[in-house]
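Keep the sequence and the model in view while reading.

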Amino acid sequence: MSVTPLAAHLSARPAAAFRGRIGRDARSGHYAVPRRYRLHLAAADPDCLRIAVTHSLLGLEKACPVTFLPAVADCPDGGHSALRPLYDASAHRYTGPALAPVLSDDWSGRIVSSHGPDIARDLARRFGGGRPTLYPCGAESQIEAVERMCAQGIEEAAQRAGAADAEEAERAAALDTLLATLGVLERGLGAHEFLISDQITASDVELWVALVQLDTVHRYHLDAAAVHRIADHPALWAYARRLAAHPAFGAHLDLDAIARRHHARCQGLEAAGAAVQILDWETHAADGSAVRPQVNQP
C-alpha cells in the first residue's frame, strides 16, 4: 500500500523532557551495548504500547530489559513515583511529571530519552543483527506519513468528534475526517496484508495502536451511529484482529489497564457508542499471545 506523506502538523503527543539518541558507536556517547539500557513502560499508554510491541517484534528481551509500570500513575501530577529518581538524576531541579516511556542508561543511572518515536526508532536501528526490519530503507517518509495519519486523522479526529464541549458542526467535521482516514486505509488494506510492505513494519505498529485506542477509548464518547460507521471497514478491522493474534502485539494488550487509565484521566461524557464494541480484543489477543508482562517496579 502506498501512503502519501501529509503536510507537517503539530503532534498531539506531549513534549518530551529528554531527547537523547542511541548512536552507532562509542563516539556518540550513548551507543548500542546489550543490557546497558532499560525501558520503563506503562503499556496502557499508547506511546508505551508502541514501544512494547516494537521491543517484542525485535526480540530485545535480553538485550534491553523492560520494567513495566502500573497503568494508572500514582503522582498527583500524572507521573510515576518509580521514575522520579531517574528524572531527578537526569535534570537539575526537574519540576515536571515523571512520565513514561523512558529509556534509561544503567551505566549512568540517567535518562537517555522520554520521546516514544525516537526510542522505537533507535531500538530498531541500533540493535539490528538479523532482527526484523521495521524501518525499511527508503520507507521513512511513508512511515512518518502513517504516524501523522494516525495522530491527526484517527486519534485527534476521534477526540474532537467526541468532545462534549465542541459545537455540533465541529464534531461532525471531525467525524468526517476520521471516516475519510479510515476509508483510505480500508481501500489499501483490502488488497494488501500490511500497510507499506509485504511484512510488518513500524507503520503497522502505529496503526494497530491507533485502532486499539479508537475502540477501547475514543468510542466511549461517540454515539452509536458513529461507532457503527467506524466499524463498517471490514478489511481494516480484520487487519487489527490479525495483528492482535500475533504474540508481539497481543501479549501487551491489557484491556483492564487501558480502561483504568482511561477512567482515571478522562473528564468527558460517556455516549451510546460505549456499548458498541467493534472487536473482541481479548479473544483475538488470546489466540496468539504469550503470558502478559507483569507490573515490575524498579
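Strand β1, residues 37-41, is mostly covered, with four of its five residues buried. This and what follows refer to a predicted model. β1 has pairing partners in β3 and in β2. With β3 it pairs in the antiparallel sense, over four bridges, and Leu39 stands opposite Leu103 of β3. With β2, residues 66-68, the pairing of β1 is parallel and runs over three bridges. In that pairing Leu41 stands opposite Phe68.

From β3 the pairing continues to β4. Strand β3 covers residues 102-105 and strand β4 residues 110-113; the two run antiparallel and are joined by three bridges. Leu103, which stands opposite Leu39 in the pairing of β1 with β3, has Ser113 as its bridge partner in β4. Four residues separate β3 from β4 in a hairpin, and in the turn Gly109 has a positive phi of about 75°. As a general point on such pairings, side chains in a regular strand alternate between the two faces of the sheet.

The strands are four in number, and the chain has eleven helices besides. Of its 298 residues, 52% count as buried. Among contacts in the chain with a separation of 6 or more, 75% are between residues 24 or more positions apart.

Which residues does Leu207 contact, leaving aside its neighbours within four places in sequence? They are Cys150, Ile154, Leu185, Leu189, Leu195, Leu236 and Tyr239.

Two helix contacts of α6 can be followed from here. Helix α4, residues 140-161, packs against α6 with the axes 9 Å apart and at an angle of about 5°. That angle makes α4 roughly parallel to α6. On the α4 side the contact is made by Ile143, Val146, Glu147, Cys150, Ile154, Glu155 and Ala158, and on the α6 side by Ala202, Ser203, Glu206, Leu207, Ala210 and Leu214. By class, the residues of the contact of α4 with α6 are nine nonpolar, one polar and three charged.

Helix α8, residues 234-244, meets α6, residues 202-216, in another orientation: their axes come within 10 Å and cross at roughly 105°. α6 and α8 are therefore roughly perpendicular to each other. From α6 the contact takes Asp204, Leu207, Trp208, Leu211, Leu214 and Asp215, and from α8 it takes Leu236, Trp237, Tyr239, Ala240, Leu243 and Ala244. The residues of the contact of α6 with α8 are ten nonpolar and two charged, with no polar ones. Leu207 and Leu214 are listed in the contact with α4 and again in the contact with α8.

Is His221 buried or exposed? With a relative accessible area of 17%, His221 is buried, because buried means under 20%. Not counting residues up to four places away in sequence, His221 touches Gly162, His262, Cys266, Gly268, Leu269, Glu270 and Ala271.

Note on methods. Residues are numbered from 1 along each chain as its sequence is written. This is a predicted model: local features need pLDDT of at least 70, side-chain atom pairs count only at pLDDT 80 or more; totals for chains, interfaces and linings use all residues. Side-chain values use heavy atoms; hydrogens and water are left out. Axes are lines fitted to C-alpha atoms, for helices over the stretch in contact, and angles run from 0 to 180 degrees between N-to-C directions. Angles under 35 degrees count as roughly parallel, over 145 as roughly antiparallel, 65 to 115 as roughly perpendicular and the rest as oblique. Contact means heavy atoms within 4.5 Å. Ala, Val, Leu, Ile, Met, Phe, Trp, Tyr, Cys and Pro count as nonpolar, Asp, Glu, Lys and Arg as charged, and the others, Gly among them, as polar. Two strands pair if DSSP finds at least two bridges between them. Buried means under 20% relative accessible area, exposed over 50%, partly exposed in between (1.4 Å probe, protein chains only).
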